[in-house]
Amino acid sequence: MDNLSINQRAAILSLVMLVVGLLIWEAAIPAQKAAEDLTEYERLMGLGQERAGVPPPSDVLVKAWEQLSDPFYDAGPNDKGIGIQIGYSIYRVLSGYLMAALVAIPLGFLIGMSRVAYKAFNPFIQVLRPISPLAWMPLALFIIQDSEASAIFVIFICSIWPMLINTAFGVAGVRQDWVNVARTHELGSLKTAFTVILPAAAPTIITGMRISIGIAWLVIVAAEMLVGGTGIGYYVWNEWNNLDLTSVIFSILMIGVVGMLLDSAFAVLQRAVAYAE
C-alpha cells in the first residue's frame with residue numbers, strides 16, 4: 001500500500017466505501033417472502049402482496065442494465081430511453097448556459113475594470129442573485145408562453161451570476177503593474193484586455209463558469225419537473241407518479257453522474273488555463 005500513489009490509494013478507499021455502502025443498503029432492506037412460502041393466515045392478512053418500499057441496490061443495478069443497454073429507444077411521448085431524456089436536459093442546460101456566458105463575461109469585464117460600473121450594477125446583482133429558480137418559472141411561463149424556452153430562460157437567469165461575479169472579481173484582481181506595463185508599451189485597451197487581463201483573470205473566470213454549470217444542472221431538473229414533457233427531471237417525476245422507486249433511484253444516480261462529468265470537464269479546462277506569473 002505504501003508503494004501506491006495518493007490517487008491510487010484514494011481510488012481503492014473510494015471503491016471500498018462504495019462496496020461497504022452497497023452491502024449495508026442491501027442488508028437493510030428486509031426480504032419479502034414469496035406467496036407460496038406463507039401460511040394460510042399470512043396470505044389472508046395480505047402479507048403475500050408486494051410491499052412498497054426502498055428497493056435494494058441489486059434491483060437498481062438490474063434497472064440500470066435494462067436502461068443503459070438501450071438508452072435511446074423511443075416508444076412514445078411518455079416512454080423514452082434515459083439517453084434521450086438526458087440529451088434533452090443537456091441541450092437546455094447548454095443553451096441557457098451559453099447565453100448566460102455571452103452576457104456575463106463581457107459585463108463582468110466592464111464591472112471589474114470600472115468602479116463606477118461596479119457601484120451601479122451591484123444593487124441589481126445583489127437583489128436578483130438570491131432569487132430561487134422556481135420563483136422565476138411562473139413568470140417565464142406567463143411571459144414566454146413556451147415551456148421549452150421558459151426552462152432555458154430559467155437556466156440563463158440562474159447561471160449568469162457566478163460567472164458575472166467571478167469575472168468581475170478576476171478582472172479587478174489583475175495586478176496593476178501588468179496593466180501599467182501594457183500602457184507603457186502603448187497597447188490599446190482592447191489589446192490589453194485580451195493579452196494581459198484575460199489570461200490573468202482566466203482561472204477565476206473558469207471557476208465561475210464551473211460553479212454556474214453545476215447550478216444550471218441543478219436548476220434544469222427542478223424546471224423539468226414543473227414543465228414536464230421531456231428531460232431527466234420529467235423522467236424522475238413521471239417514474240415517481242408510476243410509483244417505480246427503482247427507476248427514481250436509478251435516475252437520481254444518472255443525474256449525479258452527468259453532473260460529475262460536466263464538473264470534471266471544467267476542472268480540466270481550469271487546469272489548462274492556469275496562469276503562471
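This report covers the fold, the annotated spans, the packing and the confidence of a predicted model.

## Basis

Residues are numbered from 1 along each chain as its sequence is written. In this predicted model, local features need pLDDT of at least 70, side-chain atom pairs count only at pLDDT 80 or more, totals for chains, interfaces and linings use all residues, and side-chain values use heavy atoms, with hydrogens and water left out.

## Fold

The protein has 11 helices and 0 strands. Both are DSSP runs numbered from the N terminus: helices are H or I with at least four residues, strands are E with at least two. From the N terminus, the order of elements reads α-α-α-α-α-α-α-α-α-α-α.

## Annotated spans

An unreviewed UniProt entry lists "transmembrane region" at residues 6-25, 97-118, 151-172, 216-237 and 249-269. UniProt positions follow the numbering used here, feature names are shortened, and annotations may be inferred rather than shown by experiment.

Residues 6-25 are 100% helix and 0% strand. The end C-alpha atoms of that span are 28 Å apart. Residues 249-269 are also 100% helix and 0% strand, with end C-alpha atoms 31 Å apart.

## Packing and surface

Of 277 residues, 36% are buried (under 20% relative accessible area, 1.4 Å probe, protein chains only). Take contacts (heavy atoms within 4.5 Å) between residues at least 6 apart in sequence: 69% join residues at least 24 apart.

The accessible surface is about 16800 Å², by the Shrake-Rupley method with a 1.4 Å probe. Carbon and sulfur atoms hold 67% of that surface.

## Confidence

Mean pLDDT (the predictor's confidence in each residue, from 0 to 100) is 83 for the protein. A score of at least 70 is reached by 85% of the residues. Among the elements, helix α4 (residues 82-113) has the highest mean, 92. Helix α2 (residues 40-44) has the lowest, 52.

Methods. Buried < 20%, exposed > 50% of the residue type's maximum accessible area, 1.4 Å probe, protein only.
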